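Hi,

Here is the structure I promised to pass on. Have a look at it first, then read my notes below.

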Amino acid sequence: MKLRNAIQFTAAAFTLTLLALAAPPAISADKVDPVADEKAFKKFFYDKFPKLKPEDFVNGPYSMDADLYKQWQDKEQFPPYEFSLELGKEMFSKPFKNGKTYGDCFPNQGIGIRQDYPYFDEKEGKVITLELALNRCREANGEPAFSYVRDEMAALTAYMAFTSRGKPFNIKVPNDPRALAAYENGKEYFYTRRGQLNFSCATCHVQSPGERVRTEVLAPALGIVNAMPIYRSEWNGMGTTSRRFTTCNSQIRGVPLTPQDDEYRNVEYYLSYVSNGLPISGPGARP
Amino acid sequence: MSNTRLNKLGLIAGLVLALSIGAAASPAAAQSAAAEGQKLAFDRSKGNCLTCHAIKGGQYPGTLGPELVDIKSKYPNRDELVAIIYDETKRNPLTVMPPFGRNRILTDKEISEVVDFLQTL
């Protein structure tokens, strides 16, 4: 039953990808239906894991396995991301050389707003992620940009996620052909196989969540970005969304894009949109 | 005369030796190919079969694929095994299994060694 659902879903996804590939690059906006996508995406995961509540999905593999769940509860007593959170809080409140702060760049002084990112900027015609907005804030205030895959960026996003915990993802795809095209491009990236191992994001995180690769339990795509950034024992440190995307691409022996490349921004947009309504749980901890 | 006889004896002895080596050679070669295949199957940077399949003798197997057991009775024709490892997407476009031959993760010789190993399971 599980397998049949997976096959039906992936068959549908595959057909969509094929159609997208066969069609000319310009995607006609009337065919893109984010609302229907979100519904089908959630139904697939809810049917596959009937015992889980929707909000359980934001805890990734911990929801899939009783032993792991116990480990996670123990871990949350002394969360391994705490040092990052402390650092992020300190960085966030410390003024730049010009006297301004991160808060000045964001609505509500940057507190409790994680669930609204990424958003589509209609002026620019592109997707703006939280990591990108943070570096733009730094540059606008005369500070050099941080690496997207290192500890400083993880600390800032950890703090911003923490102040937003429990708030439901609230991603909007405006009725603008450019926004719909960005969304569709992200979706296409998500379902397209690549790398020497020939995996798409969906191969692991839609077709195989809850399954183990060696000892590691694969996380479901639903709710996966809600927990970002994450402390990973495997990394011995924190990882941003950018770090997760680039390392995934390396692990499948593909060539990672540059962090915050348009396609990565679009795939984060797609993935966040289909998790709309599920609570922010970041910063997370993962094995 | 005695030299000729000795030569003859030597020749016969040599032949016997050669034959016995020859007789032993093919199972021994197959055994070492299977042993190579097992290494490839467990090696993370090569076959890495264990990441997804439970295999006798392998620790901490993954669960994505079926357990690799009774392979010889399930796939009496080794060409079928070679084809699955070479590119399973041909048979099943939605498979998770990487196309080891098509994407040159393993050479033809390495695939053959993995098949030798699988046939011992």
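Let's start with a helix contact. In α7(A), A:Ala182, A:Tyr183, A:Asn185, A:Gly186, A:Lys187, A:Tyr189 and A:Phe190 meet A:Glu263, A:Asn266, A:Val267, A:Tyr269, A:Tyr270, A:Leu271 and A:Tyr273 of α10(A). Being in contact means that the C-beta atoms of two residues, placed from the backbone, lie within 7 Å. Sorted by class, the residues of this contact are nine nonpolar, three polar and two charged. (Nonpolar covers Ala, Val, Leu, Ile, Met, Phe, Trp, Tyr, Cys and Pro; charged covers Asp, Glu, Lys and Arg; the others, Gly among them, are polar.)

A word on the source: this is a predicted model, where local features need pLDDT of at least 70 and side-chain atom pairs count only at pLDDT 80 or more, while totals for chains, interfaces and linings use all residues. Residues are numbered from 1 along each chain as its sequence is written, and chains are lettered from A and ligands numbered from 1 in the order in which they are written.

Back to the two helices. α7(A) and α10 (residues 262-273) of chain A pack at an angle of about 90°, with their axes 7 Å apart. (Axes are lines fitted to C-alpha atoms, for helices over the stretch in contact, and angles run from 0 to 180 degrees between N-to-C directions.) That makes α7(A) roughly perpendicular to α10(A), a label for angles of 65 to 115 degrees.

How many of the 15 residues of α7(A) are buried? The count is 11, so the helix is largely enclosed by the rest of the structure. Buried means 20 or more other C-beta atoms within 10 Å of a residue's own, exposed means 12 or fewer, and partly exposed is in between, with C-beta atoms placed from the backbone. Among the buried ones are A:Leu180, A:Tyr183 and A:Phe190. The length of α7 (residues 177-191) works out too: at 1.5 Å a residue it should span 21 Å, and its end C-alpha atoms are 21 Å apart, which agrees. (The expected span is 1.5 Å times one less than the number of residues.)

Zooming out, chain A has 10 helices and seven strands. These are DSSP runs, numbered from the N terminus: helices are H or I with at least four residues, strands are E with at least two. Of the 287 residues of chain A, 43% count as buried.

Next, a sheet. Three strands of chain A form an open sheet in the order β6-β5-β7, with mixed pairing. (Strands pair if DSSP finds at least two bridges between them.) β6 (237-239) and β7 (284-286) are the edge strands, each pairing on one side only. β5 (residues 230-232) and β6(A) pair in the antiparallel sense over three bridges, and A:Arg232 stands opposite A:Gly237 in β6(A).

A:Asn236, in the loop between β5 and β6 of chain A, has a positive phi near 60°. Is A:Asn236 buried or exposed? A:Asn236 is exposed, with 8 other C-beta atoms within 10 Å. A:Asn198 has a positive phi near 65°, but A:Asn198 is buried, with 23 other C-beta atoms within 10 Å. There are cis peptide bonds as well: one joins A:Tyr117 and A:Pro118, with omega about 0°, and another runs from A:Gly282 to A:Pro283, with omega near -5°.

Cheers

Note on methods: Parallel < 35°, antiparallel > 145°, perpendicular 65-115°, else oblique.
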